[in-house]
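Subject: Structure handover

Hello,

Here is the structure you were waiting for. Please open it alongside this message.

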Amino acid sequence: MQLNLKNKWISRGALLLTAGLFIISCQKKFTEPPLPGEPGIVANTSIKDVKARYTSGVPVAITDDAVIEGVVSCDDKSGNYYQQIAIQDSTGGVLLRLAGSNHFNNYPVGRKLYVKLKGLYLGQYNGTLQFGGGVDTPYINQGGVTLLAANLQDQHIIKGALNQPLVPKLVTVSQLTTSLQDKYVSTLIKLAGYEFSSADRSKAYADDAASGNRIIQDCSNLAANKITLRSSNYSNFATLPVSQGNGEIIAVYSFFGSTKQLTIRDTTDVRFNNPRCPTASGDGQISLSGSSPFVINFDNIGTAGLPAGVYVKQEASSGFIGNEATVYNTNFNTPTAWNQTSLGFKNFASATGLAFNSSSTVQNASTNRALGARQTGTASVGGDPGYAFAFQLANTSGKSNLQLEFLLQSLDGSGSSAGRTTTWKVDYAIGDNPVSFTTLTTSPATLSTSFGPGMFASTPVTVSFGSALNNISQKIWIRIVALGNTTGSGNRPSTGIDDVKFSWN
Ligand SMILES: [Ca+2]
């Protein structure tokens with residue numbers, strides 16, 4: 001009897017469901033049938049149209065049966081969003097402010113959602129429109145809305161199919177406006193050819209105790225083509241170093257007052273895998289804010305260019321940091337063989353693991369790279385003397401007993417007779433435009449690279465700064481520099497440096 005009763009209810013339910021579907025089918029005569037797994041609900045307005053209801057001031061109460069649909073473009077999985085998600089349709093995007101956390105479990109990126117807006121409020125946060133559960137009274141005149149309470153979320157937000165396509169719109173920064181109704185706000189956009197600014201290259205995505213505002217820019221018009229990437233210090237990528245190369249970024253666009261800003265879902269949205277813009281002779285600073293040691297292996301020089309804080313100089317002297325040096329082929333993208341005789345700083349294979357007679361094919365295929373230099377005799381274009389590998393440290397605040405180690409590599413062992421020898425010194429100076437460099441004692445005491453048979457070498461060098469650079473709050477320049485002319489006659493050597501290591505207490 002129990003069973004029969006249950007069956008009876010089930011069949012009655014099935015009948016109602018069938019009837020309901022029939023009615024919906026009739027109503028949906030001119031619209032697409034629901035996708036598999038879709039709830040029987042349809043949007044009756046677009047995000048663009050409903051956003052237009054708010055123009056300024058106090059939030060707008062939604063009192064009609066408006067329903068929007070949208071795909072989640074950003075959730076809270078990485079922690080970069082907190083108590084909000086972004087949804088978008090083909091007309092625009094909007095934020096939903098939601099109490100609670102871990103919303104990605106119910107509303108992951110790519111899920112279609114239907115939002116019954118009746119009873120919600122549409123307001124803004126410094127220009128970015130958002131739906132909330134109520135009016136945020138202290139900020140009512142600024143358009144403040146409160147979080148939608150957890151127990152009301154299921155009533156308003158109906159979950160649809162997962163894994164819906166999201167195609168970020170390729171835009172330029174000038175297409176992104178700070179207009180309240182901007183169609184790109186709270187949608188996924190894509191910028192191409194962007195990279196982190198020189199000043200931000202040595203930073204992590206967020207600051208220690210605050211959100212990070214990092215500038216990304218392209219290679220051309222820096223005044224116009226740059227924008228802030230804002231990342232929460234609560235995101236799971238907050239402490240990761242920013243990406244070093246150039247390329248595409250996918251992000252949700254928003255603005256805060258007059259500041260245009262981007263939010264990434266996580267660092268897979270940052271695809272800066274190409275060589276940086278051609279400021280080839282160096283930019284940025286080395287930050288010793290992490291734990292000792294700080295190591296530079298140059299292995300990504302072909303894609304990321306010079307690491308932040310590494311500079312190449314020519315016409316350097318004991319009283320002058322040097323001018324920007326010529327970089328062979330204008331950048332470090334292409335590996336160059338050790339016996340290439342042209343002037344310039346180069347992307348060489350490291351000596352480590354190779355032999356003096358390793359072919360150029362083997363050299364070019366080696367993943368272990370070194371920063372190289374080849375002088376010529378023409379001083380007026382940056383030849384011998386005055387070549388320098390320079391490192392700019394932001395400061396040594398709170399640090400003591402700085403020590404530098406590196407491999408000095410003598411790379412061109414070709415030829416049948418001896419060539420010239422370059423003698424290198426390590427020196428340092430403090431401040432922006434120092435006029436006096438202090439030379440240090442090195443181990444070994446004499447550092448040289450030479451051309452010719454039997455001269456192929458990779459020499460570990462150690463340099464201690466003693467207490468000279470303890471707790472310096474200014475920028476510090478450290479150079480590996482050829483202050484004097486080469487000696488001997490014939491070809492000049494190809495010189496490389498690798499595995500540069502700064503350590504401290
Ligand atoms: Ca290396």
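Below is what was found in the structure, going from the whole chain to single residues.

Please keep in mind that this is a predicted model.

Overall form. The protein chain has five helices and 31 strands. Its C-alpha trace spans about 105 × 50 × 45 Å along the principal axes. The radius of gyration is 31 Å, whereas a compact globule of 505 residues would come out near 23 Å. Of the 505 residues, 41% are buried. Among contacts with a separation of 6 or more, 72% are between residues 24 or more positions apart.

Domains. The assignment for the protein chain gives domain 1 as 47-159, domain 2 as 169-274 and domain 3 as 294-503. Between domain 1 and domain 2, the C-alpha centres are 23 Å apart. In the contact between these two, 23 residues of domain 1 meet 23 residues of domain 2. On the domain 1 side, at least two residues each are supplied by α2 (47-51), β2 (67-74), β3 (84-89), β4 (92-97) and β7.

The eight-stranded sheet. There is an open sheet of eight strands with mixed pairing, in the order β1-β6-β7-β4-β3-β2-β5-β10. The edges are β1 (60-61) and β10 (157-159); each has a single partner strand, so one side of each has no neighbour in the sheet. Inside this order, β6 (residues 121-125) and β7 (residues 128-132) pair in the antiparallel sense, over five bridges. Leu122 has Phe131 in β7 as its bridge partner. Strand β7 is also one of the elements that supply at least two residues to the side of domain 1 touching domain 2.

A loop residue. Is Thr446 buried or exposed? Thr446 sits in the loop between β27 (442-443) and β28 (447-450). Within 10 Å there are 8 other C-beta atoms, and a residue with 12 or fewer counts as exposed, so Thr446 is exposed. Asn329 is 117 residues away from Thr446 along the chain, and the C-alpha atoms of the two are separated by 31 Å.

Regards

Key. Residues are numbered from 1 along each chain as its sequence is written. This is a predicted model: local features need pLDDT of at least 70, side-chain atom pairs count only at pLDDT 80 or more; totals for chains, interfaces and linings use all residues. Two strands pair if DSSP finds at least two bridges between them. Helices (H or I, at least four residues) and strands (E, at least two) are DSSP runs, numbered from the N terminus. Domain bounds come from an automatic or database domain assignment. Two residues are in contact if their C-beta atoms, placed from the backbone, lie within 7 Å. The radius of gyration is taken over C-alpha atoms; the globule rule is 2.2 Å times the number of residues to the power 0.38. A residue is buried if 20 or more other C-beta atoms lie within 10 Å of its own, exposed if 12 or fewer, and partly exposed in between; C-beta atoms are placed from the backbone.
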